[in-house]
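Biologist: Could you take me through one part of this model in some detail, please? I am curious about the spaces inside it, and about whatever else you would look at along the way.

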Amino acid sequence: MTDISPVTNLDFNATKEDLKTFLKNQTAFKDFDYEGSNMNVLLDVLAYNTFYNSYYYNMAISEMFLDSATQRNSVISHAKELNYLPTSKRSANAKATINVIYPNNPNNYFIIPEGTAMIGRCGNKTYNFLTDKAYTAIRSVTDTTLFTVSDVDVYEGRILNETLNISDTVLSNSNIDTRSLKVTVNGATYTYRSDVFGVKSSDKVFYLQPENDSKYSIQFGRDRFGAQPTITDSISATYRTTVGAPANGVESLTLGAFGGASSIGIEVTQTSSGGRDSEDIDSIRAFAPKASQIQERAITRKDYETLLRSRFPNIQAISVYGGDEVSPPQFGKVIISVDVVGGEGVADYEIANFKEYLSDKTPLTIEPIFVVAKFLFVDTDITITFDPNLTTKSPSQIQSEVASSILTYQNTNLNDFNKTFRQSRLAAFLDGLDPSIVSSDIVAKPIIEIVPELGEPESPAFTFGTSLVKPYEFDETRGFNSYKPAVSSSPFTVSNTLVKAMDDGRGNMILVTSGVANESVFNTSAGSINYDTGEVQLADVTVTSFEGGAIKFTANSVRKDIKPPKDRIIVIRGEDVTVNVIPVES
């Protein structure tokens, strides 16, 4: 018997050639004309069958493993085995103040019920919004016809009611926001649980399980980890369906006729945000194994990150560190800095949601403390040297391309906690933008902004997290012309005088008059500075006004690379970037 060639290629044409080679080595088929006979058709059929089967089995086997699966239903099936619940769509959320003119209302208040529908507008598109709970509008003390309620949370979507029985508990709509799901059995309310810890056999709880086609099913405890309904029980599910991300950015809401109200005005105090599409398969593939590892318990810092990211997909960046790492130390606490998609920092209601989610997942002796993400901006001065003979672009065109590319670099390589700004990598990135760019010279300085309470004495403290270049001790007789402080600020007003803050080389922060021909020291003891750690502490400074949206403190760091403190995210803004373009010397 002739040896069969090893299977090394599953391509159709290669398979056909292997079949021909095999037959040509057989005595009975040695002299066949394989191109001009019916044998060629038979070889096509055999090669096609081989190719089809190899493709089918390859795909089938690939779908058997989470790492290689490409079909969403397959990935969902593997996630289910790991007890991971993929995140559903999320409704966009807005905050509003509602003012109602209600002339004939005899009471001092009236109720705006749960599920009150509103229309939101974003451009030429409209979306349905509704309240998720009842609110009480209070009569104004100055206008007896006016009733007002503030901080009203409204969510995009529609409410659906669905009746199920225990033989089929799959929810029919795949656009559900699972956070809104409410379940009753024969009128009794059941509470959602994500784990079985501490659940008794009689507890009225339900669980969620992912199903095919982005749907979810309601599961019960089978009288072991929660009460189990019977076939005769009526299961009612009420939930909100949503379009997800498209409803972000709504700035206008309207409410139709309401009881005896003559007019209704809605002021959107927080533009809608937080709308998300269902968790994609790449995210499920990444987080499902991690969720299995942490078992719904937050012990290590990675546990906190994984739990929060998997539950709240709108989290863009997160940093977790112990309370013993801050100054002054906060023992028994874990500090969590969070930034979400679509804004700088995080809203109060989102922090409340984070705390509630972690409330039963942390050790009793540990208290999670959420802080809004802070930012470390970078003053970036770039000089681009280019060869005019290698490009048709003008210097202004190159300047514009470099400036926009820096922001692209920021979004791709920074924009998260624990990311270091490395000048060499940015220079290499800029050198590759155009063949005419010969070199890139970068001078980068970290910036921290503070927004003081006007007219109030404050003592803000912050750190650059790196050692600073200590200047010579300032001598007022030598003036400020050649003096280069380690830290200097943008101008602000104190006691009707425009000043700026800087250090004096002795470890003190001083205030210096600004905007005048001859600068002078206004206050010799405005705080302290540590040149080794980059910590700055101001003392009892009362600011009455300042330029722009914040007071900028710019530092001269020893290292060219900028590594932010653990609670800050590096951001390069267009306003902090200066680009100079010069031709190469001939």
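How do the residues lining the second largest cavity divide into nonpolar, polar and charged?

Modeller: Happy to, and please keep in mind that this is a predicted model. The lining you ask about has four nonpolar residues, one polar residue and three charged ones. The residues themselves are Arg72, Ile76, Pro86, Pro210, Glu211, Ser214, Lys215 and Tyr216. The space they line comes to about 30 Å³.

Around the largest cavity, the lining is nine nonpolar and three charged residues, with no polar ones. The lining includes Ile450, Pro452, Pro460, Phe492, Leu538, Val541, Val543, Ile551 and Phe553, and Glu453, Glu456 and Glu458 also belong to it.

There is also an open space to look at. The second largest pocket holds about 720 Å³. Its lining is made up of 25 residues, and those nearest the centre are Val326, Ser327, Lys374, Thr463 and Asp567. Two or more lining residues come from each of the strands S17 (367–372), S21 (461–463), S26 (521–530) and S27 (535–538). Sorted by class, this lining has 11 nonpolar residues, eight polar ones and six charged ones.

From the spaces, let us turn to two residues in the packed parts of the chain. Arg240 sits in strand S12 (residues 235–241). Is Arg240 buried or exposed? Its relative accessible area is 5%, so this arginine counts as buried. Its side chain makes a polar contact of 2.8 Å with the side chain of Ser91. If neighbours within four places in sequence are set aside, the contacts of Arg240 are Ser91, Leu130, Tyr155, Glu156, Gly157, Arg158, Ile159, Asn175, Ile176, Asp177, Arg179 and Ser180. One of these, Arg158, is 82 residues away along the chain, yet the C-alpha atoms of Arg240 and Arg158 are separated by 5.3 Å.

The side chain of Ser405 reaches back to the backbone oxygen of Glu401, at 2.7 Å. Beyond residues up to four places away in sequence, Ser405 touches Phe429 and Leu433.

Follow the chain out of H7 and you come to Asn418, in the loop between H7 and helix H8 (423–431). The phi of Asn418 is near 60°, a positive value in a residue that is not glycine. Asn418 has a relative accessibility of 57%, so it is exposed. Ser495 is another non-glycine residue with a positive phi, of about 50°. Ser495 lies in the loop between strands S23 (492–494) and S24 (497–503), and at 54% relative accessibility it too counts as exposed.

The strands deserve a look as well. S3 (residues 117–122) and S4 (residues 125–131) are antiparallel partners over six bridges, with Met118 facing Phe129 of S4 as its bridge partner. The two strands form a hairpin with two residues between them, and Gly123 in the turn has a positive phi of about 70°. S3 is also joined to strand S13 (residues 252–254) by three bridges, again in the antiparallel sense. There, the bridge partner of Ile119 is Thr254.

Which of its residues are on the covered face, and which on the uncovered one? Phe110 and Ile112 are on the covered face, while Tyr109 and Ile111 are on the uncovered face. In a regular strand, side chains alternate between the two faces of the sheet. S2 pairs antiparallel with strand S5 (residues 135–139) over four bridges, and in S5 the bridge partner of Ile111 is Thr136.

Technical notes: Residues are numbered from 1 along each chain as its sequence is written. This is a predicted model: local features need pLDDT of at least 70, side-chain atom pairs count only at pLDDT 80 or more; totals for chains, interfaces and linings use all residues. Side-chain values use heavy atoms; hydrogens and water are left out. Buried means under 20% relative accessible area, exposed over 50%, partly exposed in between (1.4 Å probe, protein chains only). Two strands pair if DSSP finds at least two bridges between them. On a 1 Å grid over the protein atoms alone, a cavity is a set of points where a 1.4 Å probe fits but cannot get out, and a pocket is an open set with protein on both sides within 12 Å along at least five of seven lines; lining residues have an atom within 4 Å of a point. Grid points are joined across faces, edges and corners, and a volume is the space filled by probe spheres set on the points. Ala, Val, Leu, Ile, Met, Phe, Trp, Tyr, Cys and Pro count as nonpolar, Asp, Glu, Lys and Arg as charged, and the others, Gly among them, as polar. A polar contact is a pair of N or O atoms within 3.5 Å; within protein, one must be able to donate a hydrogen and the other to accept it, and residues adjacent in sequence count only if both atoms are side-chain atoms. Contact means heavy atoms within 4.5 Å.
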